[in-house]
Amino acid sequence: MNGEGMRVVVVGAGLAGLTAAVDLAAAGAEVTVLEARDRVGGRMHGIPLSRSVVADGGAAYLGVRHTELLTMIGEHGLGLASTAMVGDSTFLVSDRRTTTASRVPPLDVVALGDLFDRLEELVAQVRPDAPWESPRAEYLDQLTAAQWLADEVEHPDARTFFPLFIGEMMAADPAAISVLHMAFYLCSGGGIRYLNAFEGGAQQWRIDGGAHLLCEALADRLGERVRLGHPVSAIDQDADEVVVHCVSSVAGRHSEYRADQVVVAIPPLLAQRIEFRPALPAPRATAATGRGCAVKVHLSYPAPIWREQGLSGWSVSAHGPLLSTVDDSPPDESVGVLTGFVTGAAASVFSALSSDEQRDAALAHAGQLFPQLPPPTQCSVTDWPAEIYSRGCYAALFGPGDWLRLGPTLTEPHGRVHWAGTETSLEFFGLMEGAIRSGQRVATELIHGAELATVSRKVVAQ
Amino acid sequence: MNPDHIVHIFRRVLNTAEVNASSDFFELGGDSLLATRVLSAIARDFGTELMYEDFVDDPSPDGLFAKAAAVVP
């Protein structure tokens, strides 16, 4: 193995960084993982709801096409929990509550079908291996998704539905993303139908016990190589080596790590804040790059009582805060868990409230959706845009101009500095699967050189 | 207009050739999102706006053609 004895510092102990670190260590590299937080996992984070139940505060769902993730889950002895739902959907649209057997909201279905047709056309135009080289890329990269809607879609029901859909799929306000990013994201995740579906789609399962368990299992294999509480502030390099500077968040203590190569496996908005000497030739994020706008609200009940009332717990509301809810109760039904998704523009509004106001707003909304339910026994809020060591979730939002500016150099090393993270993966961008593939790609890049990394990525894709 | 036209709509939306006039949309892997695209195509091509309930009632090209034909003036 060419990794033998190579000193590598990995910045970020999320899924991408941990994947890279495990692969590099297996190839004989001397690996150190520097993590800013006092925990591993990044955007995969367990929220304890009771003594035995932990909810996914961040990334949660996966499907059959997430092959690398499924393999890794199996290798670490973790199980899957089905998201299969039984019962009626609940809708709160035009201030009216309705329940139906299907997942179709009480809006004009022909208008929704037209909207999906239009989106499908955009997705079909994207070059998945190089979105910046798609036909009309310059035009689609400048146009926001909100402008596209205003120009191209007339029906009021389609206009009502569009921001809800983009919020749920991408945690984005349509005004903040380019049409190219929207089309790319939907394409990268396996297409509109796959990304949207629970059964047979990207939300078929959760990791039983919480997605964070996977990161903890990877970190266990790395042992003392993982250093928590080490936020990286600067990365210097010269012809001989690279020096990574940390300023400890606790005591303000400065420390340095010397290496042959560095893997930066953090979201683009955070990578952009590191001082690189010499400076980066191309940015990692721009003023147009946004934070994924997702706040997750977990409501706990003594049991999934809505099921007794013939409801699935899945809902869609036209207004915030809880634009969507999902039944994330554990398989043993020891408690009932409804996960509320506050996404897009609603997340910014919600994020600005005090925690008491957030709780009141969430409970009031849950009361409107499910008037037969007692108040939840617990309400916990995970506010990703406010997390200084994530700056958003699900993923960075590429705004107007970003794909043409950032896309071509997403994975291009800067000397001894290499890049990972779900936002560097053109496959399953923004998802756990993308994070793993990026970690594998960067490890291969370091062990075998960049050319082989590209080849092996293509093999994975096939 | 005939059921064959709806067979073609199914083929396009489901991205499969394995459709005949009595095929069940959901058994072929269709879901509610894709069903809305079938309904919008029928509205475009037949000038008839069916409801989602119509679709679920008999989700085959024959069934949808019967529903659409019943509405056409």
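**Asp54(B) and its surroundings**

Modeller: At 2.8 Å, the side chain of Asp54(B) reaches the backbone nitrogen of Met51(B). This is a polar contact, meaning a pair of N or O atoms within 3.5 Å; within protein, one must be able to donate a hydrogen and the other to accept it, and residues adjacent in sequence count only if both atoms are side-chain atoms. The model is predicted: local features need pLDDT of at least 70, side-chain atom pairs count only at pLDDT 80 or more, and totals for chains, interfaces and linings use all residues. Residues are numbered from 1 along each chain as its sequence is written, chains are lettered from A and ligands numbered from 1 in the order in which they are written, and side-chain values use heavy atoms, leaving out hydrogens and water.

Asp54(B) belongs to helix H3 of chain B, which covers residues 52-57. Helices (H or I, at least four residues) and strands (E, at least two) are DSSP runs, numbered from the N terminus. Apart from neighbours within four places in sequence, Asp54(B) is in contact (heavy atoms within 4.5 Å) with Leu64(B) and Lys67(B). Arg37(B) is 17 residues from Asp54(B) along the chain, and the C-alpha atoms of the two are separated by 14 Å.

Along its principal axes, the C-alpha trace of chain B spans about 30 × 20 × 20 Å. Of its 73 residues, 48% are buried. Buried means under 20% relative accessible area, exposed over 50%, and partly exposed in between (1.4 Å probe, protein chains only). Among the contacts of chain B with a separation of 6 or more, 51% are between residues 24 or more positions apart. Chain B carries 5 positive and 12 negative side chains, and the centres of the two sets lie 9 Å apart. Here Lys and Arg count as positive and Asp and Glu as negative, while His and the chain ends are not counted; the place of a charge is NZ of Lys, CZ of Arg, CG of Asp or CD of Glu.

Chain A comes next. There are 15 helices and 21 strands in chain A. Its radius of gyration is 22 Å, close to the 23 Å of the globule rule for 462 residues, so chain A is as compact as a globular protein of that length. Its C-alpha atoms fill a box of roughly 65 × 55 × 40 Å along the principal axes. Buried residues make up 61% of the 462 in chain A. Of the contacts in chain A with a separation of 6 or more, 71% come from residues 24 or more positions apart. The mean positions of the 34 positive and 54 negative charges of chain A are 3 Å apart.

Chain A has a residue 37 of its own to look at. Arg37(A) is in the loop between strand E2 (30-34) and strand E3 (46-48). Arg37(A) is buried, since its relative accessible area is 8%. Its side chain and that of Ser390(A) are joined by a polar contact of 2.8 Å. Beyond its neighbours within four places in sequence, the contacts of Arg37(A) include Leu228(A), Trp384(A) and Glu387(A).

A few backbone details of chain A remain. Most residues other than glycine have a negative phi, and most peptide bonds are trans. Ala171(A), though, has a positive phi near 55°. Ala171(A) sits in the loop between helix H6 (156-170) and helix H7 (179-188), and counts as buried because its relative accessible area is 0%. Glu333(A) also has a positive phi, of about 55°, but Glu333(A) is partly exposed, with a relative accessible area of 43%. The peptide bond from Arg277(A) to Pro278(A) is cis, with omega near -5°; Pro278(A) lies in the loop between strand E15 (275-277) and strand E16 (294-301). Another cis peptide bond, with omega about 10°, joins Cys393(A) and Tyr394(A).

How values were computed. The radius of gyration is taken over C-alpha atoms; the globule rule is 2.2 Å times the number of residues to the power 0.38.
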